[in-house]
Amino acid sequence: MEYSLTRNVLLLALLICLKGVAQPVAFVRVSKTNPRYLELAGKPFIPVGPNICFARLVTNGDSLLAYYDHYFGRLAASGGNFTRIWLSAPMLEVEKQQPGLVDKQTETLIDGLVGLAQKHGIRIKFCLEHFRKITGSPAPFPSSVPFDKPVYAGSISSMDEFFRLEKGKQLYLNRVAFFAGKYRNNPTVFGWELWNELNSVRVDDESLLLAWTTDMLDRVKALVPNQLVMQTLGSYDSPKQHELYRTYSALPNNELAQAHRYLDKGASLPVCQAPMDVLASDAVTSLLALAPAKPVLLSEVGAVEPHHTGPFVRYPADTQGTVLHDLLFAPFFAGAAGPGQSWHWDYYIEKNNLWWHFSRFNEAVSGFDPVAQQAVPFRLSADNGLTIYGLRGRTTTLLWVRDTASNWKSELEANRPAAVLSRKTIQPGLPASRTLSFYNPWKGEWTKGAPGKALSLPDFSRSIIVKLDY
(Lines give C-alpha, C1' and ligand atoms only; values in the text may rest on other atoms or scores of the structure.)
Protein backbone atom coordinates (compact mmCIF):
# COMPACT_ATOMS: atom_id res chain seq x y z
CA MET A 1 0.00 0.00 0.00
CA GLU A 2 1.29 3.48 -0.87
CA TYR A 3 0.08 7.05 -0.50
CA SER A 4 1.20 10.54 -1.41
CA LEU A 5 3.68 12.54 0.66
CA THR A 6 2.14 15.89 -0.31
CA ARG A 7 -0.86 15.23 1.95
CA ASN A 8 1.50 14.73 4.88
CA VAL A 9 3.17 18.09 4.25
CA LEU A 10 -0.20 19.84 4.57
CA LEU A 11 -1.17 17.86 7.66
CA LEU A 12 2.14 18.63 9.34
CA ALA A 13 1.81 22.33 8.63
CA LEU A 14 -1.65 22.24 10.23
CA LEU A 15 -0.29 20.45 13.32
CA ILE A 16 2.51 23.00 13.75
CA CYS A 17 0.02 25.86 13.65
CA LEU A 18 -2.32 24.35 16.25
CA LYS A 19 -2.35 26.10 19.64
CA GLY A 20 -2.23 24.33 22.96
CA VAL A 21 -0.66 21.10 21.78
CA ALA A 22 1.09 19.38 24.70
CA GLN A 23 4.86 19.46 24.31
CA PRO A 24 6.91 16.45 25.43
CA VAL A 25 9.56 17.32 27.99
CA ALA A 26 12.07 14.51 27.49
CA PHE A 27 13.82 15.64 24.31
CA VAL A 28 17.59 15.74 24.17
CA ARG A 29 18.70 19.38 23.93
CA VAL A 30 21.84 21.46 23.94
CA SER A 31 22.56 22.43 27.56
CA LYS A 32 21.61 26.01 28.35
CA THR A 33 24.13 26.04 31.19
CA ASN A 34 27.08 24.73 29.18
CA PRO A 35 26.42 24.56 25.42
CA ARG A 36 29.35 22.18 24.88
CA TYR A 37 27.20 19.39 26.34
CA LEU A 38 23.75 17.89 25.94
CA GLU A 39 20.97 17.53 28.48
CA LEU A 40 17.82 15.50 29.02
CA ALA A 41 15.16 16.79 31.41
CA GLY A 42 17.72 19.04 33.09
CA LYS A 43 20.38 16.36 33.52
CA PRO A 44 23.43 15.74 31.35
CA PHE A 45 22.90 13.38 28.44
CA ILE A 46 26.07 11.65 27.25
CA PRO A 47 25.27 9.77 24.00
CA VAL A 48 26.93 6.35 24.29
CA GLY A 49 26.72 3.94 21.40
CA PRO A 50 28.06 3.03 17.96
CA ASN A 51 26.58 3.64 14.56
CA ILE A 52 24.22 0.78 13.68
CA CYS A 53 23.26 2.41 10.42
CA PHE A 54 21.93 -0.55 8.45
CA ALA A 55 21.84 -4.35 8.33
CA ARG A 56 23.69 -5.85 5.39
CA LEU A 57 22.79 -9.51 5.87
CA VAL A 58 19.02 -9.44 6.27
CA THR A 59 16.46 -9.81 3.51
CA ASN A 60 13.06 -9.11 5.07
CA GLY A 61 11.37 -6.93 7.66
CA ASP A 62 11.11 -9.63 10.32
CA SER A 63 14.84 -10.30 10.05
CA LEU A 64 15.60 -6.59 10.21
CA LEU A 65 13.62 -6.10 13.41
CA ALA A 66 15.24 -9.18 14.92
CA TYR A 67 18.63 -7.75 13.96
CA TYR A 68 17.95 -4.43 15.68
CA ASP A 69 16.36 -6.10 18.69
CA HIS A 70 19.59 -8.05 19.12
CA TYR A 71 21.91 -5.06 18.65
CA PHE A 72 19.82 -2.69 20.75
CA GLY A 73 19.66 -5.35 23.46
CA ARG A 74 23.44 -5.84 23.47
CA LEU A 75 23.98 -2.09 23.59
CA ALA A 76 21.41 -1.44 26.33
CA ALA A 77 22.78 -4.28 28.46
CA SER A 78 26.14 -2.48 28.34
CA GLY A 79 24.63 0.85 29.36
CA GLY A 80 24.42 2.33 25.86
CA ASN A 81 21.69 4.84 25.05
CA PHE A 82 22.30 6.07 21.49
CA THR A 83 22.79 5.03 17.87
CA ARG A 84 22.62 6.40 14.33
CA ILE A 85 20.47 4.88 11.58
CA TRP A 86 20.26 5.69 7.86
CA LEU A 87 16.66 6.11 6.73
CA SER A 88 17.94 5.93 3.15
CA ALA A 89 19.38 2.41 3.46
CA PRO A 90 17.55 0.07 1.05
CA MET A 91 15.31 -1.72 3.55
CA LEU A 92 14.33 1.56 5.26
CA GLU A 93 13.86 3.61 2.08
CA VAL A 94 10.17 4.57 1.98
CA GLU A 95 10.21 5.89 -1.62
CA LYS A 96 10.67 2.64 -3.48
CA GLN A 97 8.76 3.18 -6.73
CA GLN A 98 8.39 6.90 -7.32
CA PRO A 99 8.93 10.17 -5.46
CA GLY A 100 6.17 11.10 -3.04
CA LEU A 101 4.79 7.58 -2.64
CA VAL A 102 5.48 5.83 0.64
CA ASP A 103 5.69 2.08 0.87
CA LYS A 104 3.36 1.12 3.72
CA GLN A 105 5.32 -1.99 4.71
CA THR A 106 8.50 0.05 5.06
CA GLU A 107 6.68 2.65 7.11
CA THR A 108 5.49 -0.10 9.46
CA LEU A 109 9.03 -1.45 9.61
CA ILE A 110 10.44 1.94 10.69
CA ASP A 111 7.68 2.24 13.29
CA GLY A 112 8.78 -1.12 14.64
CA LEU A 113 12.40 -0.02 14.74
CA VAL A 114 11.50 3.12 16.71
CA GLY A 115 9.45 0.96 19.05
CA LEU A 116 12.44 -1.30 19.65
CA ALA A 117 14.63 1.69 20.42
CA GLN A 118 12.07 2.91 22.93
CA LYS A 119 11.88 -0.55 24.47
CA HIS A 120 15.65 -0.65 25.00
CA GLY A 121 16.08 3.00 25.98
CA ILE A 122 18.06 3.90 22.86
CA ARG A 123 17.88 7.38 21.30
CA ILE A 124 18.14 7.42 17.50
CA LYS A 125 19.86 9.97 15.33
CA PHE A 126 18.22 9.50 11.95
CA CYS A 127 20.33 10.25 8.90
CA LEU A 128 17.89 11.36 6.22
CA GLU A 129 19.90 10.81 3.01
CA HIS A 130 23.20 9.49 1.73
CA PHE A 131 22.96 9.10 -2.08
CA ARG A 132 25.61 10.68 -4.32
CA LYS A 133 24.13 10.33 -7.79
CA ILE A 134 20.67 9.98 -9.31
CA THR A 135 21.15 8.07 -12.56
CA GLY A 136 22.51 4.57 -13.04
CA SER A 137 21.98 1.33 -11.20
CA PRO A 138 22.40 1.04 -7.44
CA ALA A 139 25.22 -1.10 -6.08
CA PRO A 140 24.20 -4.62 -5.02
CA PHE A 141 23.17 -4.64 -1.37
CA PRO A 142 24.30 -6.17 1.01
CA SER A 143 27.74 -6.61 -0.60
CA SER A 144 28.01 -2.85 -1.01
CA VAL A 145 26.15 0.26 0.11
CA PRO A 146 24.24 1.80 -2.84
CA PHE A 147 25.00 5.49 -3.37
CA ASP A 148 22.51 5.88 -6.22
CA LYS A 149 18.86 6.99 -6.10
CA PRO A 150 17.30 5.96 -9.44
CA VAL A 151 13.76 6.67 -8.13
CA TYR A 152 14.41 10.42 -8.64
CA ALA A 153 15.74 10.01 -12.20
CA GLY A 154 12.43 10.96 -13.81
CA SER A 155 11.96 14.06 -11.65
CA ILE A 156 15.39 15.68 -11.69
CA SER A 157 18.24 15.41 -14.19
CA SER A 158 21.34 15.92 -12.06
CA MET A 159 22.60 16.33 -8.53
CA ASP A 160 23.36 20.00 -9.28
CA GLU A 161 19.70 20.53 -10.13
CA PHE A 162 18.63 18.62 -7.04
CA PHE A 163 20.52 21.01 -4.78
CA ARG A 164 19.90 24.20 -6.78
CA LEU A 165 16.26 24.05 -7.89
CA GLU A 166 13.26 24.40 -5.61
CA LYS A 167 11.85 21.29 -7.31
CA GLY A 168 14.76 19.27 -5.97
CA LYS A 169 14.50 20.82 -2.53
CA GLN A 170 10.82 19.90 -2.39
CA LEU A 171 11.63 16.28 -3.17
CA TYR A 172 13.80 16.33 -0.07
CA LEU A 173 11.43 18.34 2.13
CA ASN A 174 8.38 16.25 1.25
CA ARG A 175 10.24 13.20 2.50
CA VAL A 176 11.38 14.99 5.66
CA ALA A 177 7.84 16.19 6.31
CA PHE A 178 6.58 12.61 6.16
CA PHE A 179 9.01 11.52 8.88
CA ALA A 180 8.45 14.69 10.89
CA GLY A 181 4.71 14.09 10.85
CA LYS A 182 5.26 10.69 12.44
CA TYR A 183 8.12 11.30 14.88
CA ARG A 184 8.47 15.00 15.63
CA ASN A 185 6.75 14.48 19.02
CA ASN A 186 8.65 11.29 19.86
CA PRO A 187 11.63 11.96 22.15
CA THR A 188 13.13 8.59 21.17
CA VAL A 189 14.39 10.49 18.13
CA PHE A 190 17.56 12.29 19.22
CA GLY A 191 17.76 14.35 16.05
CA TRP A 192 17.97 14.53 12.28
CA GLU A 193 21.10 14.53 10.16
CA LEU A 194 20.52 16.15 6.78
CA TRP A 195 22.96 14.04 4.76
CA ASN A 196 25.73 11.53 5.29
CA GLU A 197 29.07 13.09 4.27
CA LEU A 198 27.52 15.72 2.05
CA ASN A 199 30.78 16.78 0.40
CA SER A 200 31.08 13.30 -1.13
CA VAL A 201 28.09 14.02 -3.38
CA ARG A 202 28.96 14.35 -7.07
CA VAL A 203 28.24 17.93 -8.12
CA ASP A 204 29.92 20.30 -10.58
CA ASP A 205 29.33 23.34 -8.38
CA GLU A 206 30.41 22.58 -4.80
CA SER A 207 29.07 25.92 -3.55
CA LEU A 208 25.57 24.48 -3.99
CA LEU A 209 26.15 22.12 -1.08
CA LEU A 210 26.83 24.89 1.44
CA ALA A 211 23.92 27.00 0.20
CA TRP A 212 21.61 23.98 0.36
CA THR A 213 22.76 23.07 3.87
CA THR A 214 22.25 26.63 5.14
CA ASP A 215 18.75 26.63 3.70
CA MET A 216 17.79 23.13 4.87
CA LEU A 217 19.02 23.51 8.43
CA ASP A 218 16.36 26.19 8.90
CA ARG A 219 13.62 24.51 6.91
CA VAL A 220 14.04 21.08 8.50
CA LYS A 221 14.27 22.61 11.99
CA ALA A 222 10.89 24.29 11.37
CA LEU A 223 9.44 20.79 10.85
CA VAL A 224 11.06 19.25 13.95
CA PRO A 225 11.40 22.16 16.40
CA ASN A 226 11.93 19.94 19.47
CA GLN A 227 14.67 17.77 17.98
CA LEU A 228 18.26 18.48 17.03
CA VAL A 229 19.21 19.11 13.40
CA MET A 230 22.75 18.75 12.08
CA GLN A 231 24.92 18.13 9.02
CA THR A 232 27.94 15.87 8.41
CA LEU A 233 30.99 15.90 6.18
CA GLY A 234 33.34 13.19 4.97
CA SER A 235 36.31 11.91 6.91
CA TYR A 236 38.44 14.68 8.43
CA ASP A 237 41.63 13.47 6.75
CA SER A 238 43.04 16.28 4.59
CA PRO A 239 43.80 20.03 4.65
CA LYS A 240 40.85 20.64 2.32
CA GLN A 241 38.55 18.93 4.80
CA HIS A 242 39.79 21.24 7.54
CA GLU A 243 38.51 24.27 5.65
CA LEU A 244 35.16 22.59 5.02
CA TYR A 245 34.84 21.69 8.68
CA ARG A 246 35.66 25.28 9.61
CA THR A 247 32.79 26.56 7.46
CA TYR A 248 30.12 23.98 8.24
CA SER A 249 30.82 23.78 11.98
CA ALA A 250 30.27 27.53 12.29
CA LEU A 251 26.81 27.52 10.66
CA PRO A 252 24.49 28.94 13.37
CA ASN A 253 21.72 26.38 12.95
CA ASN A 254 24.03 23.38 12.65
CA GLU A 255 23.31 22.42 16.25
CA LEU A 256 26.12 19.88 16.70
CA ALA A 257 29.69 20.09 15.43
CA GLN A 258 30.38 16.57 14.19
CA ALA A 259 33.43 14.93 12.70
CA HIS A 260 34.10 11.66 10.92
CA ARG A 261 37.68 10.40 11.19
CA TYR A 262 39.34 7.03 10.64
CA LEU A 263 42.69 5.40 11.12
CA ASP A 264 43.60 5.39 7.42
CA LYS A 265 47.12 4.83 6.06
CA GLY A 266 46.00 6.39 2.80
CA ALA A 267 44.91 9.71 4.33
CA SER A 268 46.99 12.83 3.62
CA LEU A 269 46.89 14.09 7.22
CA PRO A 270 49.64 12.31 9.21
CA VAL A 271 47.48 12.31 12.35
CA CYS A 272 45.23 9.75 10.65
CA GLN A 273 48.05 7.19 11.02
CA ALA A 274 48.74 8.09 14.67
CA PRO A 275 47.68 6.05 17.72
CA MET A 276 43.91 6.07 18.03
CA ASP A 277 43.83 8.27 21.14
CA VAL A 278 45.87 10.93 19.32
CA LEU A 279 43.83 10.64 16.12
CA ALA A 280 40.50 10.89 17.93
CA SER A 281 41.39 13.60 20.43
CA ASP A 282 42.90 15.76 17.67
CA ALA A 283 39.61 15.73 15.74
CA VAL A 284 37.72 16.87 18.83
CA THR A 285 40.26 19.55 19.76
CA SER A 286 40.14 20.90 16.21
CA LEU A 287 36.33 21.10 16.22
CA LEU A 288 36.27 22.76 19.64
CA ALA A 289 38.51 25.46 18.21
CA LEU A 290 36.21 25.89 15.22
CA ALA A 291 32.93 25.76 17.18
CA PRO A 292 33.73 26.58 20.83
CA ALA A 293 30.11 27.07 21.91
CA LYS A 294 28.61 23.86 20.49
CA PRO A 295 28.53 20.20 21.51
CA VAL A 296 31.19 18.30 19.58
CA LEU A 297 30.82 14.63 18.66
CA LEU A 298 33.21 12.30 16.87
CA SER A 299 30.22 10.76 15.17
CA GLU A 300 32.01 8.22 12.95
CA VAL A 301 35.34 6.75 13.94
CA GLY A 302 37.16 3.49 13.36
CA ALA A 303 39.96 1.93 11.34
CA VAL A 304 40.02 1.16 7.61
CA GLU A 305 42.32 -0.10 4.93
CA PRO A 306 43.97 2.68 2.88
CA HIS A 307 41.49 5.09 1.29
CA HIS A 308 38.50 3.34 2.90
CA THR A 309 38.85 0.21 0.77
CA GLY A 310 37.58 -1.99 3.60
CA PRO A 311 37.58 -2.55 7.36
CA PHE A 312 40.94 -2.58 9.11
CA VAL A 313 42.71 -5.86 8.37
CA ARG A 314 43.94 -5.97 11.99
CA TYR A 315 40.45 -5.90 13.52
CA PRO A 316 40.22 -9.69 13.98
CA ALA A 317 43.39 -9.60 16.09
CA ASP A 318 41.98 -6.90 18.37
CA THR A 319 40.14 -9.30 20.64
CA GLN A 320 40.73 -7.04 23.67
CA GLY A 321 39.32 -3.98 21.93
CA THR A 322 42.26 -1.60 22.27
CA VAL A 323 41.04 0.41 19.25
CA LEU A 324 37.49 0.61 20.61
CA HIS A 325 38.67 1.62 24.08
CA ASP A 326 40.72 4.51 22.74
CA LEU A 327 38.06 5.81 20.36
CA LEU A 328 35.55 5.83 23.23
CA PHE A 329 37.64 7.50 25.91
CA ALA A 330 39.84 9.93 23.95
CA PRO A 331 37.04 12.13 22.48
CA PHE A 332 35.20 12.57 25.78
CA PHE A 333 38.36 13.37 27.71
CA ALA A 334 39.34 15.83 24.96
CA GLY A 335 36.12 17.77 25.61
CA ALA A 336 33.52 16.12 23.35
CA ALA A 337 29.91 15.81 24.50
CA GLY A 338 30.19 12.04 24.38
CA PRO A 339 32.54 9.16 23.58
CA GLY A 340 33.48 8.39 20.00
CA GLN A 341 30.75 6.68 17.98
CA SER A 342 32.30 3.68 16.28
CA TRP A 343 31.67 2.43 12.76
CA HIS A 344 32.05 -1.32 12.04
CA TRP A 345 29.45 -2.29 14.64
CA ASP A 346 29.04 -5.68 12.96
CA TYR A 347 32.46 -6.48 11.55
CA TYR A 348 34.39 -5.41 14.66
CA ILE A 349 32.32 -4.88 17.83
CA GLU A 350 29.91 -7.78 17.39
CA LYS A 351 32.44 -10.22 15.93
CA ASN A 352 34.92 -9.62 18.74
CA ASN A 353 32.23 -9.40 21.45
CA LEU A 354 33.41 -5.99 22.62
CA TRP A 355 30.15 -4.55 23.93
CA TRP A 356 31.51 -4.54 27.48
CA HIS A 357 33.66 -1.52 26.62
CA PHE A 358 30.56 0.69 26.66
CA SER A 359 29.72 -0.29 30.23
CA ARG A 360 33.31 0.33 31.28
CA PHE A 361 33.19 3.82 29.81
CA ASN A 362 29.92 4.53 31.61
CA GLU A 363 31.35 3.32 34.90
CA ALA A 364 34.50 5.40 34.46
CA VAL A 365 32.52 8.65 34.11
CA SER A 366 29.67 7.74 36.47
CA GLY A 367 28.80 10.50 38.87
CA PHE A 368 30.75 13.09 36.90
CA ASP A 369 28.45 15.86 35.66
CA PRO A 370 30.43 17.82 33.04
CA VAL A 371 27.80 20.59 32.99
CA ALA A 372 27.62 21.21 36.75
CA GLN A 373 31.38 20.75 37.03
CA GLN A 374 31.96 23.26 34.22
CA ALA A 375 34.47 20.74 32.91
CA VAL A 376 37.55 22.05 31.10
CA PRO A 377 39.66 19.59 29.07
CA PHE A 378 43.45 19.59 29.36
CA ARG A 379 46.33 17.33 28.39
CA LEU A 380 49.77 16.59 29.85
CA SER A 381 52.65 14.47 28.63
CA ALA A 382 54.55 12.92 31.54
CA ASP A 383 58.24 12.07 31.45
CA ASN A 384 57.51 8.45 32.38
CA GLY A 385 55.86 7.46 29.09
CA LEU A 386 52.31 8.43 30.04
CA THR A 387 49.86 10.81 28.42
CA ILE A 388 47.28 12.38 30.72
CA TYR A 389 43.93 13.50 29.34
CA GLY A 390 41.92 15.42 31.93
CA LEU A 391 38.56 17.04 32.59
CA ARG A 392 39.07 19.61 35.33
CA GLY A 393 35.87 20.33 37.27
CA ARG A 394 34.85 22.59 40.12
CA THR A 395 34.84 19.84 42.75
CA THR A 396 35.94 16.76 40.78
CA THR A 397 38.61 16.14 38.17
CA LEU A 398 38.81 13.02 36.02
CA LEU A 399 42.05 11.86 34.40
CA TRP A 400 42.46 9.24 31.71
CA VAL A 401 46.09 8.13 31.90
CA ARG A 402 47.33 6.36 28.76
CA ASP A 403 50.52 4.32 28.29
CA THR A 404 52.00 5.90 25.15
CA ALA A 405 54.05 2.78 24.36
CA SER A 406 50.95 0.63 23.97
CA ASN A 407 48.67 1.26 20.97
CA TRP A 408 47.36 -0.31 17.78
CA LYS A 409 50.82 -0.27 16.20
CA SER A 410 52.53 -2.10 19.07
CA GLU A 411 49.73 -4.54 19.85
CA LEU A 412 48.18 -5.31 16.47
CA GLU A 413 51.05 -4.82 14.02
CA ALA A 414 54.14 -5.62 16.11
CA ASN A 415 52.24 -8.27 18.13
CA ARG A 416 53.71 -6.89 21.34
CA PRO A 417 51.32 -7.39 24.29
CA ALA A 418 50.56 -4.40 26.48
CA ALA A 419 52.98 -4.25 29.39
CA VAL A 420 51.96 -4.11 33.04
CA LEU A 421 53.11 -0.77 34.40
CA SER A 422 54.15 -0.70 38.06
CA ARG A 423 55.12 2.05 40.51
CA LYS A 424 54.19 4.86 38.15
CA THR A 425 53.56 8.32 39.58
CA ILE A 426 52.09 11.45 38.03
CA GLN A 427 51.99 15.09 39.06
CA PRO A 428 48.98 16.57 37.25
CA GLY A 429 49.54 20.04 38.71
CA LEU A 430 46.19 20.14 40.50
CA PRO A 431 45.31 21.17 44.08
CA ALA A 432 45.53 18.39 46.61
CA SER A 433 42.30 16.38 46.59
CA ARG A 434 40.22 15.22 49.53
CA THR A 435 39.75 11.72 48.12
CA LEU A 436 41.50 9.82 45.35
CA SER A 437 40.09 6.86 43.43
CA PHE A 438 41.33 4.73 40.54
CA TYR A 439 39.27 2.81 38.01
CA ASN A 440 40.81 0.10 35.86
CA PRO A 441 38.58 -0.07 32.75
CA TRP A 442 40.21 -3.32 31.61
CA LYS A 443 39.35 -5.13 34.85
CA GLY A 444 36.28 -3.14 35.89
CA GLU A 445 37.71 -2.43 39.35
CA TRP A 446 37.76 0.67 41.59
CA THR A 447 40.50 1.14 44.19
CA LYS A 448 41.35 3.92 46.64
CA GLY A 449 44.55 5.95 46.70
CA ALA A 450 46.39 8.43 48.91
CA PRO A 451 45.81 12.07 47.87
CA GLY A 452 48.78 14.34 47.31
CA LYS A 453 50.54 16.45 44.71
CA ALA A 454 52.30 13.33 43.41
CA LEU A 455 49.88 10.48 42.74
CA SER A 456 51.07 6.89 42.95
CA LEU A 457 49.20 4.78 40.41
CA PRO A 458 48.29 1.15 41.00
CA ASP A 459 49.59 -1.44 38.52
CA PHE A 460 47.77 -1.22 35.17
CA SER A 461 48.04 -1.98 31.46
CA ARG A 462 47.21 0.45 28.65
CA SER A 463 45.19 2.96 30.69
CA ILE A 464 43.66 3.86 34.03
CA ILE A 465 41.15 6.42 35.29
CA VAL A 466 42.03 8.74 38.15
CA LYS A 467 39.22 10.53 40.04
CA LEU A 468 40.08 13.42 42.35
CA ASP A 469 37.41 14.91 44.61
CA TYR A 470 38.17 18.19 46.33
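Let me start with a definition: a contact here means heavy atoms within 4.5 Å. With that in hand, residues 24 or more positions apart account for 72% of the contacts in the protein chain with a separation of 6 or more.

Before going on, a word on the source: this is a predicted model, where local features need pLDDT of at least 70, side-chain atom pairs count only at pLDDT 80 or more, and totals for chains, interfaces and linings use all residues. Residues are numbered from 1 along each chain as its sequence is written, and side-chain values use heavy atoms, leaving out hydrogens and water.

Now the overall picture. The protein chain has 12 helices and 21 strands; these are DSSP runs numbered from the N terminus, with helices being H or I of at least four residues and strands E of at least two. The radius of gyration, taken over C-alpha atoms, is set beside a globule rule of 2.2 Å times the number of residues to the power 0.38. For the protein chain the value is 23 Å, close to the 23 Å that the rule gives for 470 residues, so the chain is as compact as a globular protein of that length. Its C-alpha trace spans about 70 × 50 × 40 Å along the principal axes.

What about the inside? Buried residues make up 57% of the 470 residues in the protein chain, where buried means under 20% relative accessible area, with a 1.4 Å probe and protein chains only. A nonpolar core is a set of buried Ala, Val, Leu, Ile, Met, Phe, Trp, Tyr and Cys residues joined through side-chain atoms within 4.5 Å. The largest one holds 137 residues, and F162, F163, Y172, W195 and F333 touch the most other members. Helix α5 (residues 166–183) gives the largest share of this core, nine residues. Leaving aside residues up to four places away in sequence, Y172 touches L128, E129, F162, L194, W195, W212, M216 and V220. Apart from this core lies another, of 16 residues, including I426 and F460.

Note on methods. Buried < 20%, exposed > 50% of the residue type's maximum accessible area, 1.4 Å probe, protein only.
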